[in-house]
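Please look over the structure below and read the report alongside it. The sections take up the surface, an annotated segment, the core and a charged pair in turn.

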Amino acid sequence: MPTSSAKSSLNVNSRFKKKIEVKCWCEDLCPVFVSRTPENPGMKFWGCPNYKGEGGCGFFKWVDDEGVQKQDMMPELNRITEQRQMMTLMQMVVVLLGAILFMLVLVVYKI
């Protein structure tokens with residue numbers, strides 16, 4: 001039987017376990033849900049918090065003993081990063097095209 005000091009050190013260690021935060025493709029923090037299906041009873045998983053409403057991204061990932069496997073998440077994170085970079089580039093192109101159009105209007109109407 002562990003001594004009281006051993007118990008308290010175990011409790012302290014368990015409180016300071018690294019908490020893993022997982023974001024879905026909506027960029028929202030995913031809560032941990034517990035499966036109630038006959039196939040996976042009691043298994044924990046992360047899911048998009050918007051799954052009940054419209055606009056949820058459908059994100060789903062099982063929680064394993066180690067937490068989320070980062071290598072499994074990398075393709076999704078890379079895809080999101082690439083999409084953000086592409087959106088930034090598109091916004092820059094729109095601004096530049098607007099400036100060119102404005103200059104052409106000035107030249108055509110000799111303003």
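## An exposed isoleucine and its patch

In this predicted model, Ile 111 counts as exposed because its relative accessibility is 74%, and exposed here means over 50%. Ile 111 lies in the segment after α2, the helix that spans residues 70-108. Together with Leu 101, Val 105, Val 108 and Tyr 109, Ile 111 makes a nonpolar surface patch of about 580 Å².

## The annotated segment

An unreviewed UniProt entry carries the annotation "transmembrane region" for residues 89-109. In the model, the chain over residues 89-109 is 95% helix and 0% strand, and the C-alpha atoms at its ends are 30 Å apart.

## The nonpolar core

The largest nonpolar core consists of six residues, namely Val 22, Cys 24, Cys 30, Trp 46, Cys 48 and Phe 59. When residues up to four places away in sequence are not counted, Cys 30 touches Val 22, Lys 23, Cys 24, Trp 46, Gly 47, Cys 48, Pro 49 and Phe 59.

## The salt bridge

The structure holds one salt bridge, in which the side chains of Arg 84 and Glu 27 meet at 2.9 Å, N to O. This pair links distant parts of the chain, 57 residues apart, with Arg 84 in helix α2 and Glu 27 in the loop between α1 (4-15) and β1 (32-34).

Methods: Residues are numbered from 1 along each chain as its sequence is written. This is a predicted model: local features need pLDDT of at least 70, side-chain atom pairs count only at pLDDT 80 or more; totals for chains, interfaces and linings use all residues. Side-chain values use heavy atoms; hydrogens and water are left out. Patches are made of residues with over 30% relative accessible area and no salt bridge: like charges are joined within 9 Å, nonpolar side chains (Val, Leu, Ile, Met, Phe, Trp, Tyr) within 5 Å. Accessible areas come from the Shrake-Rupley method with a 1.4 Å probe; for residues, only the protein chains shown count as cover. A salt bridge is a side-chain nitrogen of Lys or Arg within 4 Å of a carboxyl oxygen of Asp or Glu. Helices (H or I, at least four residues) and strands (E, at least two) are DSSP runs, numbered from the N terminus. Buried means under 20% relative accessible area, exposed over 50%, partly exposed in between (1.4 Å probe, protein chains only). UniProt positions are given in the numbering used here, feature names are shortened, and annotations may be inferred rather than shown by experiment. A nonpolar core is a set of buried Ala, Val, Leu, Ile, Met, Phe, Trp, Tyr and Cys residues joined through side-chain atoms within 4.5 Å. Contact means heavy atoms within 4.5 Å.
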